[in-house]
Structures are given as structure tokens and as C-alpha cells.
Amino acid sequence: MKPHEKKHSSPGESRRRFITKTAVAATAVTSSNLLCLPLSAQDRSGQVSIVFDPADAVAQERPVRWAANQLREALERRGVEAQLHERLDQAPAGQTRILAASRTSRLARQLLDAANIALPQTPEALGLARGEVGTQPVLLASGSDARGLVYALLELADRVGFAERPLTALAEVKPIVEKPANAIRSVARLFTSDVEDKSWFNDRAFWDRYLTTLATQRFNRFSLTFGIGYDFTTSIRDCYFHFAYPFLLSVPGYHVRAHPLPDAERDQNLEMLKLIGEETARRGLHFQLGLWTHAYQWTNSPAANYTIEGLTPETHAAYCRDALAMLLKACPAISGVTFRIHGESGVPEASYDFWRTVFDGVVKCGRRVEIDMHAKGMDQAMIDVALATGMPVNVSPKFWAEHMGLPYMQGAIRPLEMPPREARDAGFFSRSSGSRRFLRYGYGDLLAEDRRHGVLHRIWPGTQRLLLWADPEIAAGYGRASSFCGSAGVELCEPLSFKGRKGSGLPGGRDAYAEASLRPARGDFEKYLFTHRMWGRCIYNPDCDADGWQRAMKKEFGAGAAAAETALASAGKILPLVTTAHCPSAANNNYWPEVYTNMSIVDATKRHPYGDTLNPKRFGAVSSLDPEFFSRIDDFAGELLNPERSAKYSPVWCAAQLQDAAARAEVFLRDARSKVRDPRSAEFRRLDADVSIQAGLGLFFAWKFRAGVLFALFERSGHRPALEEALNAYRKARTAWAELAERAKAVYRSDISFGYDKHSRGHWLDRLPAIDEDIADMEKLFRQLADDPAAPLKVERQVVEAAVRAVLESGERSAPPALERFHAPPKSFARGKPLLIEASLIHTKNVPKLASIRLRYRRVNQAEVWQAQEMQGRGAEFQTVIPAEYSDSPFPLQYHFELRPVSGTPWLYPGIPARWERQPYFVLRRKSEPFSFDL
């Protein structure tokens with residue numbers, strides 16, 4: 001039997017027996033089948049005692065005991081005998097001793113003090129230290145609470161699993177203290193396909209490996225998400241778990257069922273949900289259940305595989321209340337429930353009474369359960385309904401719409417999402433299409449300082465779905481940005497989310513590999529172990545030691561690890577920049593940059609899926625996803641032909657960044673190929689293919705961005721050479737696409753399905769005809785101009801020729817002047833008081849003579865527009881004041897500077913740094929106590 005054909009435990013196996021069996025096999029990530037390293041004679045003879053402080057109540061908690069067993073099993077897997085003891089005096093003399101104790105333990109405090117380190121009171125902090133108790137050396141694994149102690153023990157288990165000499169690794173542990181940057185660090189796994197998702201949902205061995213991965217990499221929350229397979233109640237095909245209650249429960253007093261689901265299968269689903277919850281809690285993780293649909297009637301859906309019977313409008317709310325209460329009582333490990341409140345839930349917006357009734361089901365369960373509400377269309381009245389339950393309440397907006405952009409909170413939302421001038425709240429989508437439109441794809445006005453709700457940012461599965469990605473700088477940047485203005489943290493919709501959505505599931509699993517040998521032997525998620533490792537650790541601590549993720553790469557690829565990591569990181573920068581700079585649709589249903597559906601440069605009437613984009617609906621008119629910092633292609637072309645330039649990041653700057661990232665990825669990938677331990681291993685071949693494809697995407701978009709600018713220059717000038725250069729650039733883009741598509745041909749199936757529509761499935765090869773058609777239209781236009789060589793130019797020839805050179809020579813690549821001690825932001829501001837902002841060029845050298853410095857500022861409210869104010873200069877000192885009436889609001893303030901030289905290109909400060917590790921603006925909070933949300 002092959003590894004991927006291994007028979008898993010039967011669905012009918014009891015939870016007790018499952019837990020007993022997996023206590024032996026649960027080493028999973030900490031010591032996978034890749035970790036059978038040879039032991040030195042020194043390590044082979046060693047023994048380890050893992051000891052609990054009997055006076056420490058935290059050390060007795062179930063998750064801590066589980067983590068200690070993970071460490072014991074990791075050691076034994078490496079051939080090191082290990083035992084668990086309840087007291088230090090039970091450990092035989094001469095053994096390596098590991099003491100598991102929280103910061104409240106007297107022994108732990110003694111060891112921490114002796115090591116001259118302090119473990120903070122912050123929840124989930126961890127510490128490792130060496131010392132002595134009596135005359136015996138001890139390695140302390142400590143935490144501020146049970147989760148922190150779990151992380152400390154799992155860190156040791158991880159090191160043991162990957163070390164060449166496990167006992168040596170333990171002996172060389174340096175004192176460390178780490179604390180989380182974000183209170184919530186969540187991963188969401190989406191059930192959207194009967195065909196593709198039932199297998200993992202019912203795979204008990206999968207849950208053991210998967211949940212251990214999350215705990216080991218310091219995620220503290222797992223969200224199992226049902227009912228997100230559709231955006232409304234029409235064209236329903238595969239709706240397993242869509243309206244989840246009748247797929248799990250038979251509620252007394254109601255005759256509601258999902259037809260034709262057998263009762264036995266329904267009951268089995270509930271048993272699996274209980275087990276998943278118990279296993280999640282056993283690892284110390286918060287278990288969140290997503291119930292995104294409360295519709296029970298499908299419209300225009302003759303192909304639906306299940307229908308809901310026995311409900312009426314009169315019984316709908318009461319049934320949902322009672323079903324929810326029954327579900328929470330049946331699954332006591334559920335710590336929170338996520339609801340989609342807006343119209344896509346199947347319930348009309350502003351249905352406050354309906355949701356008040358449903359939330360009463362949370363109250364009736366008799367324990368503390370978090371209510372998490374998806375933010376689209378959210379208003380204060382709905383938040384108040386949730387708060388009235390007395391339960392903790394989170395509101396969860398989308399982070400960069402339904403995609404993944406650069407690692408900061410976007411400076412502005414697209415014009416299409418701004419509040420309409422005459423908002424009319426009427427109809428099924430009254431709020432999200434009316435006055436609350438600005439909350440469709442961002443945090444909107446949720447971050448007021450006096451809020452009583454938490455804010456959890458959700459990274460939607462749009463930009464990165466299929467390809468392997470992991471860049472430590474982007475991951476750390478997200479770790480820093482996710483607590484923005486007191487936010488609770490971040491939830492990452494994991495890779496492969498929405499695979500098989502809207503009834504597009506295909507037999508054979510979610511991985512989409514054409515070649516069986518490329519499929520991860522123990523489940524599709526194992527392709528992304530490195531992604532989970534890097535993101536989990538960087539969101540926990542953006543300044544964490546790189547060894548936390550590098551040790552896995554070193555074990556996997558040996559001498560080629562550093563090159564492989566750099567190649568993967570460089571490739572991982574490409575699509576987030578593309579998404580940020582150019583977003584033809586905020587909806588992931590429409591825009592999938594990994595397998596991009598071409599949008600015409602030439603003809604706005606050409607068919608494409610990008611309905612929510614600016615007019616004319618063609619490539620050059622597309623908005624950035626952050627129009628405060630990035631300019632459109634058409635706008636930038638206009639700037640090149642005029643003396644007034646914008647300080648925003650241009651499409652040509654983006655093209656240079658993309659080309660550099662692609663080149664770097666390819667250079668280091670070639671180096672990795674020559675150095676890795678086994679270049680034919682499935683692990684390296686998966687990385688090799690995905691890095692190559694992303695590098696190809698970088699080149700494609702780089703050249704298409706240039707082609708778009710050059711075409712826009714031609715349109716504005718009539719300059720035929722500009723059109724010729726646009727054609728040359730577009731052909732280079734086409735070559736890059738054809739090469740990546742050919743590379744992907746042997747790797748991925750011909751139909752990679754993330755939706756039912758053509759643009760949500762298929763293959764890179766399918767996209768070539770639309771590219772060729774657009775190029776043919778451009779060629780036709782070029783030939784037509786040849787018949788009229790004397791056509792007058794609309795712009796002076798010298799001006800347009802200079803503009804064309806600026807595009808082709810990538811002059812936008814150069815970095816802006818460095819500003820030394822230019823600005824020290826105030827620590828805070830007082831509401832309703834004028835705020836002085838100062839800047840200085842005294843310590844700055846080699847800065848061109850400035851015509852002006854402009855302060856751009858805005859409340860941290862995406863429904864508002866940015867303000868601009870010229871700074872007054874006296875010599876090298878500049879200042880301006882944000883008026884008192886502007887600061888008189890409940891929101892924090894954000895601002896940045898636009899510096900305009902007398903001649904040359906203006907630039908922004910602080911701007912986007914070279915490594916993308918911080919936000920491009922400053923944020924000020926009020927002087928009052930910062931907001932904190934009790935989780």
C-alpha cells in the first residue's frame with residue numbers, strides 16, 4: 001500500500017478510542033516522517049525527564065499535558081528515552097530535566113530570575129531558560145498562562161524534531177521570552193464542496209495532524225466555516241452544510257431536515273463536529289464555528305443536491321435559535337460562532353428582530369460564547385443587538401477586500417466603495433449597497449476609540465489560493481498591521497479556500513496536481529506547512545527568530561535551503577503587489593490574479609468578469625486597491641505628459657518591483673536546484689513549480705503594466721512609436737504567460753476549480769486566446785495608423801518621446817532621497833484640540849530643493865477622504881496644524897507627507913519601505929486609555 005493510500009480509522013470509531021490511538025501517533029508536525037535523522041552515540045544513550053511543578057495549577061491543565069506528551073513523543077521518535085514526572089525528585093539523577101511551569105510557579109520565577117529574564121503578564125507569553133534547582137541543571141519551559149506554556153513545550157518539541165542531535169539542541173537552548181503581537185491569530189478552513197471536502201472533514205487522522213500544526217506554529221484559534229459556498233440563494237448546486245443546522249441536528253418540536261440526507265449521516269456529522277471541537281480544545285486552541293448562511297430556500301436552483309424541508313417564514317428565526325442552542329450544548333468545545341449578517345446570508349439586511357432571536361440561542365446555551373459578525377453592511381444597531389446578549393462581540397472586516405495586498409492597512413478604499421452621495425437604504429441589501437457601502441471591503445468606521453466591540457481582520461482567499469507562498473517580510477508586516485488601532489488580530493483563510501466552490505468540486509481531492517507523485521501523501525494542507533509555520537510565528541511575534549521557520553527548510557533541502565527560502569520569499573512578493581496596485585474587482589469571485597482572466601488594454605467592450613470596476617472598463621482605467629498610494633495606469637500616463645507629477649507609486653515603479661522580484665526568484669531557484677539534497681523530491685518539485693509560475697506572473701504583469709501605460713500615452717498623443725512600444729511590451733507579457741502556462745501544463749490539472757464560472761476555473765493555457773485577441777486588436781490599430789502617417793500629434797513630440805523613455809528605461813526604479821530625523825510623531829493627541837505636526841530637514845543631506853511639503857491626513861475611517869494641507873517653512877523647519885474641529889472625533893488620526901522638489905519627481909514619506917515591513921503612514925491614538933477587548 002502506498003503512503004497516500006493508507007487506510008484511516010473508520011468514521012464510526014469512538015472519540016475515546018481515537019484519542020487513545022492518536023496519543024501515540026500525534027507527533028505530526030513536530031516530528032513528521034521526514035525527521036528520521038541519525039543519532040550520535042551521545043544522544044542515543046541519553047534520557048530526558050519532563051517534570052511538572054505540582055504546586056502549579058496551570059501545569060496541570062489538559063493542553064499543557066498534551067503538549068508535554070508531544071515533547072516526549074518527539075524525543076522518543078528520535079530514539080531518546082523520555083518520561084513524564086510529577087515532581088523533580090522523581091527524575092533520575094544525570095538525566096536532562098525539563099521543568100514545565102507557568103510564571104506563577106515559585107520554581108519558574110527562581111529560574112527566570114537567575115537567567116535575568118522576566119516573563120510578562122501578557123496572555124500567551126512563553127519563556128525558555130536554563131538554571132539549577134538545588135544542584136541539578138534544569139531547562140525551564142514556561143508560560144504566562146496555559147497557552148504560553150503549551151507554546152514553550154511545543155517549541156522544544158519542534159527543535160528536537162528538526163535537530164541533527166536532539167539532546168545537543170536541548171543543551172544549547174538560549175534564554176528567550178516571546179509575547180504575542182495579536183490577541184487573535186486564527187486560521188479558517190472552509191467547507192464548500194461535498195465532493196472535495198467530505199473526505200478531510202471525516203478523516204480523524206487529518207484532524208490530529210492539522211490541529212497540531214496550528215498549535216505548534218502558535219495560532220490560537222481554529223475556525224471551521226460552513227455556509228460560505230455561495231453569495232446568495234440562487235444557482236445552488238452543491239449545498240452540503242450550506243444551511244448547516246439540519247445537516248447536524250434533529251431539533252425537537254420541528255420537522256426540519258436536509259433532503260435526502262440520511263439520519264445516520266446527519267448524526268455522524270454531529271459526532272465529527274464534537275470530535276473536532278474536543279481535539280481543538282485539547283490543544284488549547286479556541287474553536288470557532290462559522291455559520292455563514294441562514295437561508296433555507298433556494299431560488300432558480302433546479303440542480304441543488306439537497307433541499308431544506310419543514311421550515312416556514314414564521315418558524316425560521318425560532319428554529320435557528322433553538323438549533324443553535326442545541327448545537328452549542330451538544331458541542332461544548334465551541335467557543336465562538338461567526339455569522340454573516342448582511343444580505344448574502346439569505347436574510348434581508350436590517351432584520352434586527354431575526355438576529356436578536358438567533359443570538360438568543362447563544363444565550364440559552366448557558367455559557368460564554370463569542371459572537372463574531374462579518375462586517376459587510378454592519379451598522380451600530382446590529383452591533384448593539386449582539387452586545388445586548390452580554391457575550392463578547394467581534395466584528396470582522398475584510399483585510400484588503402477579498403484579496404491579499406501589501407502588509408499594511410490600506411490607506412483608502414476604491415472610489416466604487418465610497419458612500420454614495422444620496423444613500424438610500426432600501427431592499428434586500430439595504431445597508432451594504434446603501435449608506436454602509438464602505439464596509440463591503442474594509443474596516444470602514446469600526447475603529448472608533450470608544451467602541452465596545454472587538455475588530456478581527458480577515459484575509460480573504462482571493463490573491464493566493466493555490467500556489468505555495470511564504471515571505472517572512474510580508475508575514476511579519478501582517479503581524480505588525482493586524483493589531484492596527486487596537487484591533488484584536490487576524491484570521492487567515494488558508495490556502496485552497498473556496499476550492500470546489502459553487503458546485504465546481506471534482507473527484508480526486510483539492511490539491512489539483514496532474515501528477516500523482518506531487519500530491520502530499522497525508523493531505524493537501526501539508527503542501528503549505530512552511531506557509532503555516534512562517535505566518536503563525538510571524539503573526540505571533542513579527543520579530544521572531546528566523547530559525548523558527550528555517551529549521552524546517554534546512555531539514556527539507558539541506559545545503560539548498562537558504563536559496564530555496566529566498567526564491568520562495570521573492571516569488572511571494574509578486575501577487576500581493578499586483579493586487580494592491582491593480583484591482584479590477586474587489587471580489588475574489590471575479591478577480592483571480594494567480595490564473596488571471598485577461599482584461600483588454602484596447603477595447604472596453606471586450607467581455608470580462610470585472611463588473612465592479614471604473615469606466616471605461618478596460619485595463620488602463622482600473623483602480624488600485626489603495627488609491628491613496630498607488631496611481632492608475634491612465635492617470636499616470638496623463639502625468640507623464642504634464643509638468644505636474646503625482647507622488648503616488650506608479651505602474652512603472654510596480655513593474656520594476658515585479659521584474660526585480662521575478663528575477664531574484666529565478667536566480668535563487670536555479671541555485672537551489674543545484675544544491676538541494678534531492679531535487680526530484682515531491683517537496684522541492686512543488687516549490688520549484690510554484691516559484692517558477694509566480695516569477696512568470698511577475699514578468700507578465702510587469703510588461704502588461706508597461707504596455708498599458710504606453711498605450712495610454714499613444715491614446716493621449718497619437719504618437720505611433722508609443723503604440724509600437726506598447727505592442728512590444730505586450731508581446732513580452734504574452735511570452736512570459738505562455739512560458740509559465742507551459743511550465744504549469746505538466747504540473748496542474750487542466751481544470752483547477754475554485755468556482756463554477758469560467759473565470760474561476762480552468763488553467764493558465766485557457767487564458768492565452770484572450771491575450772492574443774487583445775494583441776491582435778492592438779496590431780490592427782497599428783496597421784491602420786500606417787495608412788495615415790501624417791496624422792497630427794496631440795502632444796509635443798519631445799514631451800511624448802520623453803514619456804515613452806521614462807516607461808522603457810524604468811526610471812521610476814530609483815529610491816527617493818533618505819530623510820534623516822525628518823519627523824518625530826507625537827505620542828498621542830487630545831480630542832478637540834489643534835494638533836501641531838512638525839518636520840525638519842536640518843539633519844538631512846543630498847535632498848533636492850523643495851517647492852513644498854504637503855501634509856495629508858485623515859481620520860481612521862475609510863468612509864472619509866484624505867485632507868491636504870501645505871506646511872509652512874522657516875528655513876529647514878516646517879510645521880502645520882490639524883484643526884481642532886477635525887480632531888474632535890472618536891477616531892484615531894493617520895497622516896503622511898508629500899514632498900515636491902522644484903524639479904524632479906515628488907515622493908511620499910514615510911512611504912512604502914524597501915522591505916515592505918511597515919505601514920506608509922503614521923497613526924496617532926487619543927490620550928485616553930487605549931482600547932482593549934476581553935477575549
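Strands S15 and S16 (residues 489–493) pair in the parallel sense over four bridges, where pairing requires that DSSP finds at least two bridges between two strands. Helices (H or I, at least four residues) and strands (E, at least two) are DSSP runs numbered from the N terminus. This is a predicted model, in which local features need pLDDT of at least 70 and side-chain atom pairs count only at pLDDT 80 or more, while totals for chains, interfaces and linings use all residues. Residues are numbered from 1 along each chain as its sequence is written, and side-chain values use heavy atoms, with hydrogens and water left out.

- Six of the six residues of S15 (residues 454–459) are buried, so the strand is largely enclosed by the rest of the structure; buried means under 20% relative accessible area, exposed over 50%, and partly exposed in between (1.4 Å probe, protein chains only).
- In a regular strand the side chains alternate between the two faces of the sheet.
- Both faces of S15 are covered, with Gly454, Leu456 and Arg458 buried on one side and Val455, His457 and Ile459 buried on the other.

**The barrel**
- Eight strands form a closed barrel in the order S7-S8-S10-S12-S13-S14-S15-S16, with parallel pairing.
- Neighbouring strands of this sheet are turned by 25 degrees against each other on average, direction ignored; axes are lines fitted to C-alpha atoms, for helices over the stretch in contact, and angles run from 0 to 180 degrees between N-to-C directions.
- Helix H10 packs on the sheet and touches strand S10 (286–291) and S12, its direction making about 150 degrees with that of S12; contact means heavy atoms within 4.5 Å.
- Strand S7 (residues 184–190) runs parallel to strand S8 (residues 221–226), and five bridges join them.
- Val187 has Phe222 as its bridge partner in S8.

**Helix H11**
- The 13 residues of H11 (residues 352–364) should span 18 Å at 1.5 Å a residue, and the end C-alpha atoms are 18 Å apart, which agrees; the expected span is 1.5 Å times one less than the number of residues.
- Phe354, Trp355, Val358, Phe359, Gly361 and Val362 are the buried residues of H11.
- Seen down the axis of H11, these buried residues fall within an arc of 130 degrees, so they line one face of the helix; the arc is that of the directions from the helix axis to the C-beta atoms.
- Their cover includes helix H10 (316–330), strand S12 (334–339), strand S13 (370–374) and helix H12 (380–387).

**The open sheet**
- Three strands make an open sheet in the order S17-S21-S20, with antiparallel pairing.
- Strands S17 (835–840) and S20 (872–874) stand at the edges with a single partner strand each, so one side of each is left without a neighbour in the sheet.
- S17 pairs with strand S21 (residues 877–882) over six bridges in the antiparallel sense, and Glu838 has Gln879 as its bridge partner in S21.

**The whole chain**
- The protein chain holds 24 helices and 24 strands, and 62% of its 935 residues count as buried.
- Its C-alpha trace spans about 95 × 70 × 65 Å along the principal axes.
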